There are 2 protein chains.
Amino acid sequence: MAEIAIGLHGGCGALAHDLQSAEDWAESRQHMADALRAGWHILRLGGSALDAVQATVVVLEDSPHFNAGHGAALTEGADHELDASIMDGATLAAGAVCTVRRTRNPVKLARAVLDSGRVVMLGGVAADRFAELQGLEMVPNTWFTTQRRIDAVRTLKEKEATGSFIPASEAEKHGTVGAVARDADGHLAAATSTGGFNNKLEGRIGDSPIIGAGTYARDGVCAVSCTGQGEIFIRRVAAYDIAARMQYAGQALDAAAHAVVFETLSSHAIGAGLVALGAEGNPVAPYNTLGMYRGWITTEGQLVVATHKDLHPMGPA
Amino acid sequence: MAEIAIGLHGGCGALAHDLQSAEDWAESRQHMADALRAGWHILRLGGSALDAVQATVVVLEDSPHFNAGHGAALTEGADHELDASIMDGATLAAGAVCTVRRTRNPVKLARAVLDSGRVVMLGGVAADRFAELQGLEMVPNTWFTTQRRIDAVRTLKEKEATGSFIPASEAEKHGTVGAVARDADGHLAAATSTGGFNNKLEGRIGDSPIIGAGTYARDGVCAVSCTGQGEIFIRRVAAYDIAARMQYAGQALDAAAHAVVFETLSSHAIGAGLVALGAEGNPVAPYNTLGMYRGWITTEGQLVVATHKDLHPMGPA
């Protein structure tokens, strides 16, 4: 059996330690551990990388600590529009959805789009209708709302009203989630899900549902899920650029991921991060912000999560 | 003054010669010539490649001969949902819109999104609302409808009803338009616009509004606009793959474009084509279908268009 591996991110731009309670930090770490175990369990039973990344992202979508699903950012219209995508490195099949408003788990909808084989990307009202036809769980838009996001938007709007041009912190803006996995057959997969950023323009689509920008997977090369200011990731075709550097320039995964985060994306003065696995399941998780929610299970089966510089070992997977 | 250049496509998968009247063929060639001249005129006056590709695409959107704007394909709901994008190779700024229903010229809306600097991609009802706020011309959805598309969808549905599984011809499915240009300052730009394909699922988003898939431009490398079955172009990150092959593997434009069309995309057994310019304005327009609407103005100022193998010189630009 080849070595299985899984990694996740819960968004770059974590808050400073003192801006959140110790309980909240501990719970967000626990939810990342739960998410990794959900995917790992599938991989251990011989399941696919595709199923594993979906299971991991579903846990993060359901957690209020991350900006995807329940806990998603609010648009300027004070509601939620969610984007997600998933890609199978074995077949290069992909599914993506954008500006979804009623589907509880957008990553499940992205997967249903992939499985349908009819299209790769579906948007808006029609995407929610497709979810309903597929029997996915539908929720009112308010299901995604948490008090934390309401408070954050209020703070943003108060700053605007007083003419204060203090930019929103990275943490207020970001928090996308994503996962990458390698299964026992050596196949890779990646998935990403997000609520975008607080006070975003309605109809705005970021990089998370864009194959090649926010998500990419190809067997024998890499699996990548990105987080940060999506507009720049789209313009730089960030996720695929890592694969292209590896395929065409012979760069190693860590060198390619480092170059994309610290040279390409950082040159635009944005917050940026990603989690990626190489063909053999080696994880990397570079970021240029104060912190990035992230975690992985080592090939020895040890679970590690982190929000800032220090790693938190969480014991055996 | 550096050499200016412009090229366009009006979609791969042109009909067999005998399936359309000589007058229709002549008119579609004339509209391509008009479109090229609209962009060329801007370039000759020292205007930007970005303005030139927009002007060229607007002419093609307004022509009933192409599957973009007026003349766009019909969804399964018998209306129109339009996708477009535009990219500035000088700054890597980009604008993209998807599933637009009321904006007469989606490429103008993509440009307005680019110019706004707020986001890169806008979708659905919100995108049309943004167009309205920008003062763009709005039209009823029926403005996009032509008798040819109604007839094509009826034929498709009749085939389905009789259990006939004859696949739609490439021409029934495709017809996306796009343009690439190089201006006197050496800057590159690309733009793409489409109605998708007849009887498409509502909410379906193809590669045309995806930066890196259907459209890409980067100064010193290339400008690319694609046409064909968009799902595969998304999964293969087709437009950016050409740039990546050039930047990282040192391939020449014609080799890179040839590999992407005849190896990567053709391996999926789909119709595929593109128009691209290299850094010096040299055009390429590979396609794997019976024909592809295409045209360019040579650096000597001679205008050439084509729908099938033979080139039609149209005299000086």
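This briefing describes the chains, sheets and selected residues of a predicted model.

The structure is a predicted model, in which local features need pLDDT of at least 70 and side-chain atom pairs count only at pLDDT 80 or more, whereas totals for chains, interfaces and linings use all residues; side-chain values use heavy atoms, with hydrogens and water left out. Residues are numbered from 1 along each chain as its sequence is written, while chains are lettered from A and ligands numbered from 1 in the order in which they are written. Chain A contains nine helices and 14 strands; helices (H or I, at least four residues) and strands (E, at least two) are DSSP runs, numbered from the N terminus.

**Chain A as a whole**

- A compact globule of 317 residues would have a radius of gyration near 20 Å, and the 18 Å of chain A agrees with this. The radius is taken over C-alpha atoms, and the globule rule is 2.2 Å times the number of residues to the power 0.38.
- Along the principal axes, the C-alpha atoms of chain A fill a box of roughly 60 × 45 × 35 Å.
- Buried residues make up 65% of the 317 residues of chain A; buried means under 20% relative accessible area, exposed over 50%, and partly exposed in between (1.4 Å probe, protein chains only).
- Of the contacts in chain A between residues at least 6 apart in sequence, 67% join residues at least 24 apart; contact means heavy atoms within 4.5 Å.

**Relation of the two chains**

**The ten-strand sheet**

- An open sheet with mixed pairing has ten strands in the order β7(A)-β4(B)-β3(B)-β2(B)-β6(B)-β5(B)-β1(B)-β12(B)-β13(B)-β14(B). Its edges are β7 (204-205) of chain A and β14 (311-316) of chain B; each has a single partner strand, so one side of each is left without a neighbour in the sheet. Two strands pair if DSSP finds at least two bridges between them.
- Strand β1 (residues 5-12) of chain B runs antiparallel to β5 (residues 177-182) of chain B, with five bridges between them. Ala5(B) stands opposite Arg182(B) in β5(B).
- Strand β13 (residues 302-306) of chain B is mostly covered, with four of its five residues buried.
- Four bridges connect β13(B) with the antiparallel strand β12 (residues 292-297) of chain B, and Gly295(B) has Val305(B) as its bridge partner. These strands form a hairpin with four residues between them, and Gly301(B) in the turn has a positive phi of about 85°.
- Four bridges also join β13(B) to β14(B), again antiparallel, and Val304(B) is paired with Pro313(B). β13(B) and β14(B) form a hairpin with four residues between them.

**The four-strand sheet of chain B**

- The order of this open, antiparallel sheet is β8-β9-β10-β11. Its edge strands, β8 (215-218) and β11 (283-284), each pair on one side only.
- Two bridges join β10 (residues 272-278) to β11(B), where Leu277(B) stands opposite Pro283(B).

**Two buried residues**

- Thr103(A) lies in the loop between β3 (93-100) and α3 (106-116) of chain A and counts as buried at 1% relative accessibility.
- The side chain of Thr103(A) makes a polar contact with that of Asp128(A) at 2.7 Å. A polar contact is a pair of N or O atoms within 3.5 Å; within protein, one must be able to donate a hydrogen and the other to accept it, and residues adjacent in sequence count only if both atoms are side-chain atoms.
- His31(B) belongs to helix α1 (residues 22-44) of chain B and counts as buried at 18% relative accessibility.
- The side chains of His31(B) and Ser63(B) make a polar contact at 2.7 Å.
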